Each structure stands twice: as structure tokens, then as C-alpha cells.
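Keep the 3D view open while you read.

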Amino acid sequence: MEKDVDITKAVRQHSEMDEFFTGGFAIKGQKVIPEKANQEDSAAVAEAAKGLERIADEVRRCRECGLGSIRTNAVPGEGHPNARIMFVGEAPGADEDAQGRPFVGRAGKLLDKIIAACGLKRSDVFIGNILKCRPPENRDPRADEIISCFPYLQSQIEIINPEIIVALGAPASKTLLNTNKSIGQLRGQFHEYYAGLGRAPIKLMPTYHTAYLLRNYSPENRQRVWEDMKKVLAELGLEIPVRGKK
Ligand code: URA
């Protein structure tokens with residue numbers, strides 16, 4: 001009997017995971033994303049959009065570190081100005097540098113699938129990075145670069161004020177949580193991002209970076225990311241998409 005239960009669970013997990021990466025979810029119920037109060041307040045959204053555009057302009061002019069002089073385009077980030085979920089990656093790669101937009105290469109296509117599997121659209125969320133310019137040969141961000149660039153992300157978070165930050169990979173998780181723990185230790189549970197004095201901490205879910213997932217595309221790793229995202233959806237009170245008839 002015990003075995004039957006395990007098999008059922010394994011089959012369900014497998015089919016969830018399969019759909020997760022093919023984007024074939026049907027959404028149960030009517031309302032997919034209950035909007036946060038100010039996400040529908042057009043004046044608040046317009047104000048936040050203005051603030052984000054000011055930061056984006058500064059980022060595009062920035063020469064605070066050496067990356068500013070070798071980039072093709074800076075990549076400030078994009079998405080809903082009052083998003084409930086904010087994804088934070090590491091740094092732009094070649095495709096992002098060429099287009100000035102975050103997560104548009106292979107890792108970005110996988111992030112798009114994860115967002116779709118959550119029943120969301122890219123325009124529902126905000127996508128940003130720790131570094132706004134591409135490090136040469138996609139090397140790891142250096143401490144001095146993070147120190148120069150992090151204030152831009154802090155300001156973006158302050159304006160967007162998301163309910164949950166999903167930190168993709170070790171550099172994003174470690175920087176936002178100010179910790180040296182590994183992504184393996186951090187992922188799978190909520191942590192708190194301290195947004196500053198007098199502000200409520202923001203829940204932060206570390207998970208594997210999609211580039212790591214592409215390099216280590218095992219059922220176990222995909223399942224781990226999906227479990228992390230299910231926790232995020234549950235925390236926001238959003239329906240967890242299930243397989244069903246369209
Ligand atoms: N990887 C990142 O961390 N950020 C991007 O924008 C693209 C790939």
C-alpha cells in the first residue's frame with residue numbers, strides 16, 4: 001500500500017515536471033494572479049515606472065566599474081513596476097548585452113518556461129540582475145563590481161516592493177542575503193531580504209539559476225526548482241497550475 005502511494009506521488013511529480021518544461025499547463029480556476037492592491041492602481045504603477053526608468057537611465061550612463069566601458073548595452077531589468085514576484089539573476093550574458101534586456105538567451109528561455117508553468121506572464125513579474133553589465137567571458141561577478149552595482153538593484157527593489165524575490169543561483173542569493181552559504185544550503189526555504197530601516201523584510205526564495213539547470217538538467221534538479229516555485233505560488237495564494245484540459 002505504502003508503495004502504491006509513492007508511485008502515485010512519483011507519477012504526479014513527473015507529469016508536473018514534464019509540463020513545467022514544456023509550458024503545457026492549464027490553469028485551474030478563474031483568477032490566475034490576484035493583483036496586489038497597488039498593482040491595479042494606475043497612478044501608483046505609473047509613479048513606480050517613472051522611478052524605474054530614472055534608475056535605468058542612470059544604469060545606462062554608469063561607469064562606476066570597468067564593465068561600463070566594455071559593454072555593448074547595459075541591462076537595467078524589465079517587468080511590472082509593482083510586480084508581486086521579482087526574479088534576480090547574476091549578470092547579463094552575450095545575448096542580454098547585445099539586446100539590453102535581461103534573460104533573453106538560453107537561460108532566459110528556460111526562465112520564460114518556468115514563469116509560464118507558474119501560470120504567469122513575463123510582464124507580470126520583474127526580472128533583474130545583481131550586475132547590470134556583462135562580465136567578460138561571463139566570468140563570475142567580482143566583489144568590487146557587486147559593491148558598485150548593488151545600489152541600483154536595492155533601489156529597484158525599494159520601488160517595486162515585491163512580495164517575494166526569487167534569487168536565481170549563488171551570486172544573487174549570497175548578495176541579497178549577505179551570506180556565504182551555498183545555494184544547496186539556501187534553496188528550498190524562504191529567507192528574508194532586509195529592505196532597509198523601517199521597512200518590512202521581503203521574503204526571498206533562493207533556487208538554482210536556469211543556466212545551472214541547463215548544464216545539470218536532471219529530473220532531480222528540475223523537481224527541486226519546481227518545488228521552490230510551488231512554495232512561492234502558495235505563499236502568494238496563487239493557484240498551483242495543474243495539468244488539465246485546455
Ligand atoms: N543570466 C543572468 O544571470 N542574467 C541574465 O540576464 C541572463 C543570464
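On a 1 Å grid over the protein atoms alone, a cavity is a set of points where a 1.4 Å probe fits but cannot get out; a pocket is an open set with protein on both sides within 12 Å along at least five of seven lines, and lining residues have an atom within 4 Å of a point. Grid points are joined across faces, edges and corners, and a volume is the space filled by probe spheres set on the points.

This is a predicted model, where local features need pLDDT of at least 70, side-chain atom pairs count only at pLDDT 80 or more, and totals for chains, interfaces and linings use all residues. Residues are numbered from 1 along each chain as its sequence is written, and side-chain values use heavy atoms, with hydrogens and water left out.

## Cavity and pocket

Searching the whole structure turns up 1 cavity of 30 Å³ or more. The largest cavity holds about 120 Å³. It has 15 lining residues, with C62, C65, K132, C133 and C149 nearest its centre. Helix α5 gives the largest share of that lining, 4 residues. (Helices are DSSP runs of H or I, at least four residues; strands are runs of E, at least two; both are numbered from the N terminus.)

As for the largest pocket, its space comes to about 570 Å³. It is lined by 27 residues, and E90, A91, H209, A211 and R215 are the closest to its centre. Elements giving two or more residues to this lining are α3 (94-99), α4 (106-117), α6 and α8 (210-215).

## The sheet and its helices

Now the sheet: 6 strands, open, mixed pairing, in the order β1-β3-β2-β4-β6-β5. Two strands pair if DSSP finds at least two bridges between them. At the edges sit β1 (78-79) and β5 (191-193), each pairing on one side only. Strands β2 (residues 85-89) and β4 (residues 164-168) run parallel, paired over 4 bridges, and I85 faces I164 of β4.

Helix α5 (residues 143-160) lies across β2, β3 (126-129), β4, β5 and β6 (202-207), at about 170 degrees to β2. Helix α6 (residues 170-177) lies across β2, β4, β5 and β6, at about 135 degrees to β4. Axes here are lines fitted to C-alpha atoms, for helices over the stretch in contact (heavy atoms within 4.5 Å), and angles run from 0 to 180 degrees between N-to-C directions.

## Whole-chain numbers

In total, the protein chain has 9 helices and 6 strands. Of its 246 residues, 47% count as buried (under 20% relative accessible area, with a 1.4 Å probe and protein chains only).

Methods: Buried < 20%, exposed > 50% of the residue type's maximum accessible area, 1.4 Å probe, protein only.
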